[in-house]
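Visitor: I have a model open and want to learn how to read its features. Can we start with the aromatic rings?

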Amino acid sequence: MSAATVTHDHSATEHAHEHEHHEQSFLWKYIFSTDHKVIGIQYGITSMMFLLWGFFLMMVMRWSIAFPGKAMPIIGTILGDRWAPGGIVSPELYNMFGAMHGTIMVFLGVVPLGFAAFGNYVMPLQIGAVDMAFPKLNAWSYWLYLFGGCLMMVSFFLPTGAAQVGWTNYSPLATTAQIDVKNIFFTGQTQWLFAMIFIISSSLLGAVNFITTILNLRCKGMTWMRMSFFCWAMLVTGFLLLLAFPPLEVAAVMQLSDRIFGSSFFLPAGLVDGNRHLDIAGGGSPLLYQHLFWFLGHPEVYVLILPAIAIVAEVIPCNIRRPLWGHKTMIYAALVLGFLSFIVWAHHMYMTGMGPVVTSFFQITTVLISVPSVILLTCLMISLWGGSIRFNSAMLFACAFIPMFGIGGLTGLPLAFSTIDLFLHDTYYVIGHFHYVVAPGTIFGLFAGIYHWFPKITGRFMNEKLGRLHFWPSLIFMNLLFAPMMVQGMAGFHRRWYDGGKAFEETTKVSNWLSEGWAQFAGVFGVHVESNMLGLNALMSFAAWGLAISQVVFIINLFLSIKGGKKTTSDNPWHATTLEWATPTPPGHGNFLVEPTVYRDPYEYSVPGHKCDYQPQWLPEGEEPVDKLTHMH
């Protein structure tokens, strides 16, 4: 037997008994907790708040794009003349919100919600562990993340404002921006770098913890291939973070040194800022920063998407009452995906003038990485075939994830080829492609997970009617927001035009069937919209604001259901098979009432010869599942 078994010899019962007479205060139980479930909830709440703020930044940007030169109601007045003179969004404000939108959504929103929140709460339960391998390290990880996020937020209120040179923070522009101040330390660009160091350190601590937990704390009978795909995805994601994040942390430290101490890691000689020659040593390489950033950047895409795929892989089998088709194939595909993600980064850098040999290598690897992605989607689609599908809210989001992520992946394939990328680079086509992967792709998967595990976390169901009212407008508005970006991108719209392209009439005055059709549709309601490509800006902006309203339904549903949702009458209300459903509802300190033992594979649904259509992992052969609700003392 492995060390995992030894770890659990005195785990659940003694662990619970040890603490039953030592009631913790609210502060230590819910704020400074080392319990993986509380930390998972902390990550979830914090990351959703950051997602909400990042979404707000985008809505302000969409106003500037759709109605350039017009005052923004209410918000324009609040922003003041410094950033929005006369209520009109300035180019500086647009750049600031654009840079911070990308940073917040990726590093403070989606990754913490998918990996840290769901991974922290669900993964230890699914492998039968009483907690993470390093509980205090887990708490440190959250507090470093929160401190880094707060630094990002505080930077908005500095005299210089927050970072303004894009979420990638390329040198030399990022190194020389906001330097004409008395104290360069108190600038948005500098605080962005400090914040990223804390956030990356948080991710590294979490990655080490996840990997160690999965390797060493699996319960008796939990062999590698009896682990759910969710746990495998967390393991691969942990390795991606552990190996890909250090180069970016090093890059942040080096850029910080360039800004504060006058070094020249990324600064070449001969730089001119405005009308003056910069007094620097020079000799640095701006391309070095790009390599360090994108060596993280592309594995980061799979850090975003793998947790979502993993959640969908849990939701679908449970709601179709069939095993996950190709469980082992999906595991191998995820492992290959993780490996290939480290050798494709330079396809983001075709514009830097790399030679044909290097370009060919990265074109080949970029096309190859689509193969395991297609395998994962194919397995999910084949799983649906012939299933008795239960269309609850979680399943609706899981089903929508598949085509949305498929669109995101397919639209990325043309960008693999340098000849095409030279024309589409930095256009709205790239924005549309990436957001199809991350927004209706990843975020739909995360919504599915919230609806799916909410009964286990709270003991109550979320409202299904409100769930559907959340899903259908979100699906419609997501596509109305991101599909026209592809059309604009192929027409040559640049991603950084704060006025939506109004100043570039030779590009933006072109029309096609989509822009003309939208203008006619708007005219039916008495709204005048230009019939050229500029008219699509209004369509996408209205879709963004409609998407925001759709999320209000989710927020209402979430908070009302915590105390007022329908109570679950079983520890396993979905009749699922994985180990987290063997715990009390909600799971207490120590997780399990008895030491768990695993007897079978994770997705044993509709097994011939059994009365029930599901066989949980924790039940011995011949024993049928019984619905019961237990509460841990």
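**Rings, a helix and a histidine**

Guide: The count comes to 48 aromatic pairs. The rule takes rings of Phe, Tyr and Trp (its six-membered ring) with centres within 6.5 Å; planes under 30 degrees apart are stacked, over 60 edge-to-face, the rest tilted. The model is predicted: local features need pLDDT of at least 70, side-chain atom pairs count only at pLDDT 80 or more, and totals for chains, interfaces and linings use all residues. Residues are numbered from 1 along each chain as its sequence is written, and side-chain values use heavy atoms, with hydrogens and water left out.

Visitor: How do I describe a pair of aromatic rings?

Guide: Give the distance of the centres and the angle of the planes. Take tryptophan 53 and phenylalanine 156: 5.6 Å centre to centre, 90° between the planes, so edge-to-face.

Visitor: Which parts does the pair tie together?

Guide: Tryptophan 53 lies in helix 4 (residues 36-66), and phenylalanine 156 in the loop between helix 7 (135-154) and helix 8 (173-176), so the pair ties together parts 103 residues apart in sequence. Helices here are DSSP runs (H or I, at least four residues), numbered from the N terminus.

Visitor: Is phenylalanine 156 buried or exposed?

Guide: Buried means under 20% relative accessible area, exposed over 50%, partly exposed in between (1.4 Å probe, protein chains only). Phenylalanine 156 is buried at 12%. Tryptophan 53 is partly exposed at 31%.

Visitor: Where does a charge sit over a ring?

Guide: Look for NZ of Lys or CZ of Arg within 6 Å of the ring centre and within 35 degrees of the ring normal. The charged end of arginine 82 sits over tryptophan 83, 3.8 Å from the ring centre.

Visitor: Where does helix 10 bend?

Guide: A bend is the angle between axes fitted to the seven residues ending at a residue and the seven starting there. Helix 10 (residues 229-260) bends by about 35° at phenylalanine 245. Proline 246 follows within four residues.

Visitor: What joins the side chains of histidine 298 and histidine 348?

Guide: A polar contact of 3.2 Å. The term means a pair of N or O atoms within 3.5 Å; within protein, one must be able to donate a hydrogen and the other to accept it, and residues adjacent in sequence count only if both atoms are side-chain atoms. Histidine 298 lies in helix 11 (residues 286-320) and is buried at 9%.

Methods
Helices (H or I, at least four residues) and strands (E, at least two) are DSSP runs, numbered from the N terminus. The expected span of a helix is 1.5 Å times one less than its number of residues.
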